[in-house]
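Good morning, colleagues. Please look at the model on the screen while I take you through its packing and its strand pairing.

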Amino acid sequence: MSETEATQTAVAPADSEPQETSYGVIQESAPEGLAVEPIEPKTALTDQFTPKEWDALKAFRVEIPDALASAYPDKNNAKTAAVKLWGVTIEPSNLLDAKVSVVLMKFLRARNLSVSEGKTMFIATLRWRDQFNVEAACKEEFPQDVFGQLGHIYGQDKAGRPVVYNVYGGNQDLKAVFGDIQRFLRWRVAFMEKSIELLDFETTDQMIQVHDYAGVSMTSRDTNSKNAASEASSIFSSHYPELLHKKYFVNVPSYMTWIFWLFKPLMPSATLAKMSVVGSGASTIGKALLAEVNAKQLPTRYGGEAEAF
């Protein structure tokens, strides 16, 4: 049975008439005096929701039309018009959709299931995507000689999540990469969106990131590169919530390892649990990554068997 069929089916007398629920889902009417809950379409990901998360999600759904109106104040039909986020269509009149539930849950989890704070983050994200013009960034053609070696998407982990590699030493020409900070940010956002395209939001909704600092030193960073890194970090923490399963920092210079341990006590435990600082060299890196990624899916430079980039 498809999700749509499951959504439209309910236990009711044979002669009852269909009714539209508060979520805009057509459902058979219940016997007089008996309320019937809309049937939730389920996937492997929604099956992992806790009762508290379901309660928060149901409350969040009620807020979505107002959130859309706040995000797009110049659109007269904002409360009813569908929007697309990360390839998932959010239809205000029918929020009883498993993929939509997974997307909305990310904003709730990022804000400890606070509906008001999740709503604020959701609004801010939609506004930012509009102002930044994410769609245009994804269509822009970036010079391969500048950005081609800075990011790679290769293979999957053992659970089917895509593995994304950010290679900070991939181009030593800092002026070419960071001379135009806004161009770098457009490339970086487009690369993130390309990674998200590999998530189906039914069985996978997160990725693994490997941040490779080989060739990076204190003298190889200028003001523009630092500002670009700061802006990118702010964008991803504010507008791409809960899309990361694990983050590995590899070939990290000793001074950066020291900085990480210095700030470790200030990091939220949930964030810290996703981060691992690994040493240098294929053998050392492989010991960490092979716990998550099969050797045939892992490039040789990181201790695997795949001949990749």
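I shall discuss a sheet, a pair of helices and a further helix, in that order.

This is a predicted model, in which local features need pLDDT of at least 70 and side-chain atom pairs count only at pLDDT 80 or more, while totals for chains, interfaces and linings use all residues. Residues are numbered from 1 along each chain as its sequence is written, and side-chain values use heavy atoms, with hydrogens and water left out.

Let me begin with the sheet. Five strands, in the order E5-E6-E7-E8-E9, form an open sheet with mixed pairing; two strands pair if DSSP finds at least two bridges between them. Strands (E, at least two residues) and helices (H or I, at least four) are DSSP runs, numbered from the N terminus. At the edges stand E5 (151-156) and E9 (275-277), each with a single partner strand, so one side of each has no neighbour in the sheet. On average, neighbouring strands are turned by 20° against each other, direction ignored.

How do E5 and E6 run relative to one another, parallel or antiparallel? E5 and E6 (residues 162-167) run antiparallel and are joined by 4 bridges. Isoleucine 153 has valine 164 of E6 as its bridge partner, and histidine 152 stands opposite tyrosine 165 in E6. The two strands form a hairpin with 5 residues between them, and glycine 160 in the turn has a positive phi of about 90°.

I turn now to the helix pair. The axes of H2 (residues 51-71) and H4 (residues 115-132) come within 9 Å and cross at roughly 35°. These axes are lines fitted to C-alpha atoms, for helices over the stretch in contact, and angles run from 0 to 180 degrees between N-to-C directions. The contact (heavy atoms within 4.5 Å) includes Phe60 and Ile64 of H2, and Phe122 and Leu126 of H4.

Finally, consider H12 (residues 282-289). Its buried residues, meaning those under 20% relative accessible area with a 1.4 Å probe and protein chains only, are Ile285, Gly286 and Leu289. Seen down the axis of H12, these fall within an arc of 105°, taken from the directions from the helix axis to the C-beta atoms, so they line one face of the helix. They pack against E7 (207-212) and E8 (244-250). On the other side of H12, Ser283 and Lys287 are exposed, that is, over 50%.
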